[in-house]
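Notes follow in the order I looked things up.

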Amino acid sequence: MDLFVTADGFLIHGNRRLPCALGRGGINPSKVEGDGCTPVGRFPLRRVLYREDRLAPPETGLSVMAITPGDGWSDDPKDPAYNCPVSLPHDHGHEILWREDAIYDVIVVLGHNDDPVVPGAGSAVFLHVARPGFVPTEGCIALTREDLLAVLKACQPGDCLTISG
């Protein structure tokens, strides 16, 4: 099953059209680190990360792993671990996955710029929980927690998310 994201901010899941937040820079086929754009393309759903102190493991056919306060994601193009999970503290630029807000309570890791990783072509592009009011993201796609958990129930290995421009 593929999920589809439209340029006007909807994720299509079967016959459901779910509102979603997109990058503050819009949708762009040429993603660059720090541009705030959501990349155009078809990306595999790699795995699900979640905060086990805030919710039970999401029901899904995808691989699921709990995150800890020591988990991060490299967003520094000069880092040999660029666009990969890292343990904190980390000497290069990174995102902290264990956040005070709820947006990373559930994270779907997308196969964007990971096969192979190209330094500077964008990192940490996730499907995650939206902020209230669907505030734009730094380049990710974000759904309400309820919608994200419902979508995950139908996901299986090999599923992809397609973002159209």
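Cys-160 came up first: it is buried at 6% relative accessibility, where buried means under 20% relative accessible area, exposed over 50%, and partly exposed in between, with a 1.4 Å probe and protein chains only. I note that this is a predicted model, in which local features need pLDDT of at least 70 and side-chain atom pairs count only at pLDDT 80 or more, while totals for chains, interfaces and linings use all residues. Residues are numbered from 1 along each chain as its sequence is written, and side-chain values use heavy atoms, with hydrogens and water left out.

**Cysteines.** What is the sulfur of Cys-160 closest to? The closest cysteine sulfur is in Cys-155, 10 Å away, too far for a bond. I took a disulfide as a pair of cysteine sulfur atoms within 2.5 Å. The count by this rule is 0 disulfides. Cys-155 is in none. Cys-155 is buried too, with a relative accessible area of 1%.

**Core.** Next I looked up the largest nonpolar core, which has 26 residues. Such a core is a set of buried Ala, Val, Leu, Ile, Met, Phe, Trp, Tyr and Cys residues joined through side-chain atoms within 4.5 Å. Leu-11, Leu-110, Leu-127, Ile-141 and Leu-161 touch the most other members. Among the elements giving it two or more residues are strand S1 (2–6), strand S6 (41–50), helix H1 (145–154) and strand S14 (160–163). I use DSSP runs numbered from the N terminus: helices are H or I with at least four residues, strands are E with at least two. S6 gives the most, with 4 residues.

I then listed the contacts of Leu-161, meaning heavy atoms within 4.5 Å. Leaving aside neighbours within four places in sequence, its partners include Leu-3, Val-5, Phe-43, Leu-45 and Leu-127.

**Backbone.** Most residues other than glycine have a negative phi, and most peptide bonds are trans. I searched for exceptions. The bond from Leu-88 to Pro-89 is cis, with omega near 0 degrees. Pro-89 sits in the loop between strand S9 (85–87) and strand S10 (94–96). The bond from Asp-115 to Pro-116 is also cis, with omega near 0 degrees. Pro-116 is in the loop between S11 and S12.

That S11–S12 loop also holds Ala-124. Ala-124 is not a glycine, yet its phi is positive, about 55 degrees. Ala-124 is buried, at 3% relative accessibility. Phe-134, in the loop between S12 and S13, has a positive phi near 55 degrees. Is Phe-134 buried or partly exposed? Phe-134 is partly exposed, at 28%.

I checked strand S2 (residues 10–13) against strand S3 (residues 16–19): they run antiparallel, joined by 4 bridges. My rule for a pair is at least two DSSP bridges between the strands. Ile-12 has Arg-17 of S3 as its bridge partner. The hairpin leaves 2 residues between S2 and S3, and Gly-14 in the turn has a positive phi of about 65 degrees.

**Whole chain.** I logged 1 helix and 14 strands. Of the 165 residues, 45% count as buried. The C-alpha atoms fill a box of roughly 45 × 35 × 30 Å along the principal axes. Among contacts between residues at least 6 apart in sequence, 59% join residues at least 24 apart.
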